[in-house]
Amino acid sequence: MIKTFFISALFVCLGIFQLTGQTGGESPDPYVYQSERIMCFHSIMRVQKDCSVEITERITVYAKGIDINHGIFRDLPLYYDYEGGRTDVGFKLNSVKLDGQPEDYHTEGMDNGIRIYAGNEDRIVSNGKHTYEFSYTVDHALGLKDPKFDELYWNVNGNGWYFTIDTIRGEVHYPKGAKLVQYKAYTGRTGELGLAYTADILDDGILFTSTRAFNATEGMTVAVAWNKNNLTYPTAFDNFIYWVKSHFLWIVGLLGFIITLLYSYVTWLRYGRDPKPGVIMPQYEAPEGFT
């Protein structure tokens with residue numbers, strides 16, 4: 001009995017020794033026992049002369065086949081309030097990549113924007129570290145009203161992620177020749193004003209880097225301003241179209257009210273007015289048939 005126990009223990013020890021030594025002395029994968037998450041969200045925002053912004057997002061994830069199996073999706077809100085109206089942000093998707101190679105994708109409209117699906121339902125993403133890249137261009141995203149500076153105010157990663165995020169980087173490049181006026185960033189959930197970041201000044205911009213990990217639905221918003229007259233600004237006609245888009249629902253509602261009012265008035269003139277009364281003659285006897 002004791003002999004059998006010692007022989008079994010010997011084989012168990014040999015098995016453990018073989019498992020620990022089969023890597024040839026190399027360290028095991030450091031991510032094996034870690035959770036499925038976003039390891040780094042790095043957004044590069046380049047302001048163009050025509051007031052558009054080219055944005056490249058590199059999202060490095062660690063997949064374990066739980067929620068990241070066929071791919072990931074990115075939600076982008078494309079509407080915002082502007083002077084009492086709603087403005088549509090112009091959007092053009094340039095490319096979607098996975099680990100540096102073109103990736104299958106499709107888009108789907110949402111109530112407040114667009115959802116980009118990266119992946120293929122017939123293909124499973126292997127476990128481990130992968131980097132997705134979304135490249136797109138937006139317009140009507142800059143603040144141009146201030147007479148002293150122009151500004152980009154942008155939510156770097158969005159607050160809709162249900163993954164934790166180890167690191168967020170927001171890299172803003174303003175037009176060539178422009179000079180930085182001021183900058184600020186905010187971290188946390190929607191509406192919070194956290195300051196968990198560092199800022200490094202670049203030759204033509206600024207790099208914001210988070211200083212802590214982010215929980216689900218947390219993010220980073222950046223604001224960078226540079227001096228005026230470094231962009232090709234919209235014309236008066238462009239601003240008029242912009243204003244119409246911003247107040248489109250109000251304009252349609254007002255026009256509808258005016259048209260309804262005019263139609264009702266014309267209809268009343270034709271059919272609703274009583275005939276003009278003639279001369280009123282008194283009658284001193286009851287009409288025929290009445291007592």
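# Strands, turns and salt bridges

Cysteine 51 sits in the loop that joins strand S1 (37-47) to strand S2 (53-63), where strands are DSSP runs of E with at least two residues and helices are runs of H or I with at least four, both numbered from the N terminus. The model is predicted, so local features need pLDDT of at least 70 and side-chain atom pairs count only at pLDDT 80 or more, while totals for chains, interfaces and linings use all residues. Residues are numbered from 1 along each chain as its sequence is written, and side-chain values use heavy atoms, with hydrogens and water left out.

**S1 and its partners**

Strand S1 is mostly covered, since 10 of its 11 residues are buried; buried stands for under 20% relative accessible area, exposed for over 50%, and partly exposed for the range in between (1.4 Å probe, protein chains only). S1 pairs with S2 in the antiparallel sense over 10 bridges, pairing being assigned if DSSP finds at least two bridges between two strands. Within this pairing, arginine 37 has tyrosine 62 of S2 as its bridge partner. S1 also pairs with strand S13 (residues 165-173), here in the parallel sense and over 8 bridges, and in S13 isoleucine 168 stands opposite phenylalanine 41.

The hairpin of S1 and S2 has 5 residues between the strands, and cysteine 51 takes a positive phi near 80° there. Most residues other than glycine have a negative phi. Cysteine 51 is buried, because its relative accessible area is 10%. A positive phi is also found at histidine 140, near 55°, in the loop between strand S10 (128-139) and S11. Histidine 140 counts as partly exposed because its relative accessibility is 30%.

**The S11-S12-S17-S14 sheet**

Four strands form an open sheet in the order S11-S12-S17-S14, with antiparallel pairing. Its edge strands, each pairing on one side only, are S11 (142-143) and S14 (180-188). Between S14 and strand S17 (residues 219-227) the antiparallel pairing runs over 8 bridges, and glycine 188 faces glycine 219 of S17.

**Surroundings of serine 210**

Serine 210 belongs to strand S16 (residues 205-210) and counts as buried because its relative accessibility is 9%. Its side chain reaches the backbone nitrogen of isoleucine 168 at 2.9 Å. Leaving aside residues up to four places away in sequence, serine 210 touches Asp166, Thr167, Ile168, Ala196, Tyr197 and Met220, contact being heavy atoms within 4.5 Å.

**Salt bridges**

The whole structure holds 9 salt bridges, each defined by a side-chain nitrogen of Lys or Arg within 4 Å of a carboxyl oxygen of Asp or Glu. In one of these, arginine 58 pairs with glutamate 133, the closest N and O atoms being 3.1 Å apart. This pair links distant parts of the chain, with arginine 58 in strand S2 and glutamate 133 in strand S10, 75 residues apart.

Arginine 123 forms a salt bridge with glutamate 103, their closest N and O atoms lying 2.7 Å apart. Because arginine 123 lies in the loop between strand S9 (113-119) and S10, and glutamate 103 in the loop between strand S7 (101-102) and strand S8 (105-110), the pair ties together parts that are 20 residues apart in sequence. The side chains of aspartate 104 and arginine 123 also meet in a salt bridge (3.7 Å, N to O). Aspartate 104 lies in the loop between S7 and S8 and arginine 123 in the loop between S9 and S10, so this pair ties together parts that are 19 residues apart in sequence.

| Residue | Relative accessibility | Class |
|---|---|---|
| Arginine 58 | 35% | partly exposed |
| Glutamate 133 | 16% | buried |
| Arginine 123 | 35% | partly exposed |
| Glutamate 103 | 9% | buried |
| Aspartate 104 | 37% | partly exposed |

**A nonpolar surface patch**

Leu254, Phe257, Ile258, Leu261 and Leu262 make up a nonpolar patch on the surface, together presenting about 520 Å² of accessible area. Areas come from the Shrake-Rupley method with a 1.4 Å probe, and for residues only the protein chains shown count as cover. Patch members have over 30% relative accessible area and no salt bridge, with like charges joined within 9 Å and nonpolar side chains (Val, Leu, Ile, Met, Phe, Trp, Tyr) within 5 Å. Isoleucine 258 lies in helix H3 (residues 248-272) and counts as partly exposed because its relative accessibility is 37%.

How values were computed: Polar contact = N/O pair within 3.5 Å; in protein donor to acceptor, adjacent residues only side chain to side chain.
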